[in-house]
Amino acid sequence: MKSDGSCVCDQCPGEDEHVQNEVHALLICQDHRVCELRKHFFFLFTPFFEDFSAAQPFLLQQVNNQLVHDFLSQQNTRLFLFLSELMDLFVAGRDQSAADQPNNLAEGHPPL
Ligand SMILES: [Zn+2]
């Protein structure tokens, strides 16, 4: 389902087809690595998203653009760390496809 050039997220587990866009990657994607990353940066989300919790580190529905804008505009240098690591996850998922997944996320991932 990923060779037809569509934007369906290829990181999400399960059969639901999620459109992969910025908001999806930031808040909705349920890929376990993305969820772990969000839990790591938990404090960035909780002021903005009431539904967000350690047990459910993703949102179940789209949020309004203003809230996303506010989230991305918060004055916290950790936000850039989060965004950088998030991009790494998605870029790595894209380039490697199913061939050989890098293991550097499980080991040797630099502590923050
Ligand atoms: Zn996803």
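Which residue forms a salt bridge with Glu36? In this predicted model, the partner of Glu36 is Lys39, and the closest N and O atoms of the pair are 3.4 Å apart. Both residues belong to helix α2, which covers residues 32-40, and they are separated by three residues, or about one turn of the helix. Lys39 has a relative accessible area of 34% and is therefore classed as partly exposed. Glu36 is likewise partly exposed, because its relative accessible area is 47%.

A search of the whole structure identifies two salt bridges. Besides the pair in helix α2, a salt bridge links Arg33 to Asp31, with the closest N and O atoms 3.2 Å apart. Arg33 and Asp31 are both buried.

The structure also contains a zinc ion, which is coordinated by the SG atoms of Cys9, Cys12 and Cys29 and by the NE2 atom of His24, at 2.0 to 2.3 Å. The angles subtended by the four donor atoms around the zinc ion range from 103 to 124°, so the arrangement is tetrahedral. Along the sequence, the donor residues follow the spacing C-x2-C-x11-H-x4-C.

Cys12 counts as buried because its relative accessibility is 12%, a value under the 20% cut-off for burial. His24, at 2% relative accessibility, therefore counts as buried as well.

Notes
Residues are numbered from 1 along each chain as its sequence is written. This is a predicted model: local features need pLDDT of at least 70, side-chain atom pairs count only at pLDDT 80 or more; totals for chains, interfaces and linings use all residues. Side-chain values use heavy atoms; hydrogens and water are left out. Donors are N, O and S atoms within 2.8 Å of the metal (3.2 Å for Na, K and Ca); water is not among the atoms, so sites may look incomplete. Four donors count as tetrahedral if all angles lie between 85 and 135 degrees; four count as square planar and six as octahedral if opposite donors are over 155 degrees apart and all others between 65 and 115; anything else is irregular. Buried means under 20% relative accessible area, exposed over 50%, partly exposed in between (1.4 Å probe, protein chains only). A salt bridge is a side-chain nitrogen of Lys or Arg within 4 Å of a carboxyl oxygen of Asp or Glu. Helices (H or I, at least four residues) and strands (E, at least two) are DSSP runs, numbered from the N terminus.
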